[in-house]
Amino acid sequence: MRLTFPHMGTLFIPLKALFTGLGCDVVVPPPTSKRTLEIGVKHCPEFACLPLKISVGNLSEALDLGADTVIMAGGVGPCRFGFYGELQKEILLDMGYDFRMVVIDPPQGRARHILESFKSLFPAVTLSQALHAARLAWSKIVAIDRLESLANRSRALERERGAVSAALGRALEAIDAAETVEGVWQACEDGLAAIDSLVDADKAEYAAGSLVRVAVVGEIYVVLEPFANHCVERKLGELGVIVERPLSISHWLKLNVLLDFLNMSGGFRPGELARPYLGHTVGGHGRETVASAVKYGRQGYDGVIQVAPFTCMPEIVAESVLHRVSKDHGIASMSLVVDEQTGEAGVVTRLEAFVDMIRRRRLAHGAVSQRLTAKNAMCYYD
Amino acid sequence: MLTIGMPRALVHYDCGDVWVKFFETLGAAVAVSPETAKDIVDIGVSLSVEDACLPVKVYLGHAAYMAKRCDYLFVPRLVSLEQRTYMCPKFLGLPDMVRAALRDSVRLIDPTIDLSKSARAMTQAVVRAASFLSKDPARSLSVWRTCSRAAAVCSTEADGRRKAVDCEEAAGLRIGVLSHPYIIIDRVLSMGLVDRLREMGASAILPESVLQDAVEPHLAELGRHIFWTHEKRIYGAGMAMASDPSISGIIIVQAFGCGPGSMIYDLFTRKCRRRSAVPVLNLSIDEHTGEAGIVTRLEAFVDMLTRAERGCM
């Protein structure tokens, strides 16, 4: 069995570790590229959301490399993601591929179901092997999230443009290569130290209250996949912004899988935070988007950027109410809606304009304007 | 007397009649907005985020129209009408979208109707919706039961009439029209497609008029449960039409950017193509769609089907 799965940011690193540990031959799809997207756009329905198009491209490229089994996460609605597996199967069949499709549905509170579906996939694997593989994969997820989170906070302070992203890339490679949990932690610590060493200490001191802070929220695939969001985190960081990204693989697993069993919500209660603006879950991460905007607004962040694929239903609902959160909590908000037509330059221009707007607003509010005269600040504001 | 306003769009076509009857019996005046007109569309478009589909924009237009003409606006949060099946996420967030668009200028009655776990949830929704009209939950419930039973009888009678009409027109072309009720019933959104087909001598068969018995097997053979109410019906009815030799063609009318539609219509087209040679026309509508373009495509499609019937192709 040669197994493959679609990309979502750096998710391939833990998935590769997991399935290799379960004794599978894993074919990681080639990194998502323009070609990947073109394949997807050609074969997917026009109004389908961007993640479907990219994932079909990924799977097609992986099947070309000799994969024969596709593993995909399922869902129970109402977000379209829950139906991806079925449609991917039909599209790839029409493209002429011969393969087996395995869709793993969320456990809905029962661990046994997911274990059983895994058991039927890998009959020869012992429990201790499976636990070992899961532990290694989990350590990689946690390590990646720590590294990415530090990188997002450090890019604005780097001495040399692009150095943090390069160090992050090296650290991710080391984590991908690590074969033991200890190896992963070592690679993680090394990576964290490497990123820390690139930060300009003087700038860091100055940064305490003066750097612009922005949270990136939205639909999880587009948030986590730099190809889909045009590297929004890196671009913001290099514009001198401290970036916070609440969504991550570990966060998602904790919220949807682990805490479901334990019946805990882990401190972050999206329902409560979002209630004044959105009184019900709307599928996907729509309610989390609104709740995060409230959370970061209360914490005094300057802005929140919602990234979402074009036609994404939950995020359209979130977008409809986001301007109210923005007004009530004094946090600037911007919706960045992407599809295959989105151009790099357009994204850069909008991000620059957004950050400029925040800086001018701050000047007008006198937050850092001691060096400027009131007159200048007013000019900026006008 | 209190006036309850109801936007004639989206959810109204799923459950509007029952609620009108319900509120009237409880002693409120109910005003339903007029049929969609250009000014309503324009207001809706201006109030909505641009990515939303046209039916949602039109709903906001109707809501804005009614907001000035009523004491309460009835905007139910239709989450689910049966187990394991949901409405589109935009239905789930509808009251919130209306509040945001109208900036709280009107009070809403927004009961949450979520029957995904148990049918008893309907009771709570009814009592809550009626709480400002009647302090007696038992009375609200008994009125609700009478109204919903009457509505069920009505829809069975309507089915009977529809079938009678079908038989009368059986001489002409029979064309399946796959679309959401809130698009096809609205003459502006659907550009009067059903009427136009009739003028061309063809009759439109809608998903609602396909018998449930004919729909089920097609849903059952699918590897995966379709978890959207309308689309489940549309897919099953579409497959039933595709295997019905008396149907000469199928027209899909979808809103630009429709989320569930993008998946289900594509799945339908693929499955249909493998099984049957029935021609399928795919029309998508948004606020920029011109009537002439739609009419031209419709005429060409019907012409093609007529020629095929005569054996000229």
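Modeller: The largest nonpolar core holds 202 residues, among which I175(A), V214(A) and V290(A) touch the most other members. Such a core is a set of buried Ala, Val, Leu, Ile, Met, Phe, Trp, Tyr and Cys residues joined through C-beta atoms within 7 Å, where buried requires 20 or more other C-beta atoms within 10 Å of a residue's own, with C-beta atoms placed from the backbone. The greatest contribution to this core, nine residues, is made by helix α3 (residues 54-67) of chain B, helices being DSSP runs (H or I, at least four residues) numbered from the N terminus. This is a predicted model, in which local features need pLDDT of at least 70 and side-chain atom pairs count only at pLDDT 80 or more, whereas totals for chains, interfaces and linings use all residues. Residues are numbered from 1 along each chain as its sequence is written, and chains are lettered from A and ligands numbered from 1 in the order in which they are written.

Leaving aside residues up to four places away in sequence, V214(A) touches L236(A), V241(A), V243(A), Y301(A), D302(A), G303(A), V304(A) and I305(A), a contact being a pair of C-beta atoms, placed from the backbone, within 7 Å.

Chain B is divided into domain 1 (3-152) and domain 2 (172-310), with bounds from an automatic or database domain assignment, and their C-alpha centres lie 27 Å apart. Across the boundary, 22 residues of domain 1 of chain B are in contact with 22 residues of domain 2 of chain B. On the domain 1 side, α1 (12-25), α2 (38-47) and α3 of chain B are the elements that give two or more residues, and α3(B) supplies the largest share, four residues.

Conventions. A residue is buried if 20 or more other C-beta atoms lie within 10 Å of its own, exposed if 12 or fewer, and partly exposed in between; C-beta atoms are placed from the backbone. Two residues are in contact if their C-beta atoms, placed from the backbone, lie within 7 Å.
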